[in-house]
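Biologist: I'd like to go through this one with you. Can we take it question by question?

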Amino acid sequence: MSLADQVRQNISEECLARGCRRDGCSLTLESLAEPFLLIDMDHDESPTNGSGGKKCDFIFIGDEGDSSWIAPLELKRGKLRAKEMLAQLQAGAKIAERIVPHNDRARFRPIAVYGGKAHLAERKRLSSNRVRFRSQKNRVALVRCGTSLLGALKKRT
């Protein structure tokens, strides 16, 4: 059974999204292997208990070959604010730790998506900090609105 299928058993179907769009900013879902889940963290049925009020926009869980992806996603159409985005991505990682069974083949990739201004200092702040997921600490993949989610997952940081 895929990791996405395992998580699906414990997630309300109402909070699963068919597209990755928030306030005029989006990621495309083309070329993603099935099955995958895109959990809308703004939905009332989303698994946000214990997140301290912070949350990311979506959590992506998908399978690719013999490995899996776990990715909190934060989308901002306006000005990029690294501190805020990092806090939201970290909150998403903590939620993912609770809802995703431990899997040694899973790769973790926090993704910040922006459409507005991204000053160099803010981009550097995002790239110099890491988001923790279990024993992994990964840099944030910073991509523009309209990018492919698959491309963002595979982006070198």
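Biologist: Which residues in α3 do A82, K83 and L86 in α2 meet?

Modeller: First, this is a predicted model: local features need pLDDT of at least 70, side-chain atom pairs count only at pLDDT 80 or more, and totals for chains, interfaces and linings use all residues. Residues are numbered from 1 along each chain as its sequence is written, and side-chain values use heavy atoms, with hydrogens and water left out. Helices (H or I, at least four residues) and strands (E, at least two) are DSSP runs, numbered from the N terminus. With contact meaning heavy atoms within 4.5 Å, A82, K83 and L86 in α2 meet, in α3, E122, R125 and L126.

Biologist: Is α2 roughly parallel or roughly antiparallel to α3?

Modeller: The axes are lines fitted to C-alpha atoms over the stretch in contact, with angles running from 0 to 180 degrees between N-to-C directions. α2 and α3 (residues 120-128) pack at about 25°, their axes 9 Å apart. Under 35 degrees counts as roughly parallel, over 145 as roughly antiparallel, 65 to 115 as roughly perpendicular and the rest as oblique. So α2 and α3 come out as roughly parallel.

Biologist: What distance separates the end C-alpha atoms of α2?

Modeller: The expected span is 1.5 Å times one less than the number of residues. For the 18 residues of α2 (residues 82-99) that should give 26 Å, and the model agrees, because the end C-alpha atoms are apart by 26 Å.

Biologist: On to the rings. Are F108 and F133 stacked or edge-to-face?

Modeller: Of the two aromatic pairs found in the whole structure, F36 and F60 make a tilted one, 5.7 Å centre to centre with 35° between the planes. F36 sits in strand β3 and F60 in strand β4, 24 residues apart. Rings of Phe, Tyr and Trp (its six-membered ring) pair if their centres lie within 6.5 Å; planes under 30 degrees apart count as stacked, over 60 as edge-to-face and the rest as tilted. F108 and F133 have centres 4.9 Å apart and planes at 10°, so that pair is stacked.

Biologist: And the backbone: is D23 buried or exposed?

Modeller: D23 has a positive phi near 50° without being a glycine, and it lies in the loop between β1 and β2. Buried means under 20% relative accessible area, exposed over 50% and partly exposed in between (1.4 Å probe, protein chains only). D23 is at 62% relative accessibility, so it counts as exposed.

Biologist: Which residue does a cis peptide bond join to E34?

Modeller: Omega there is about -5°.
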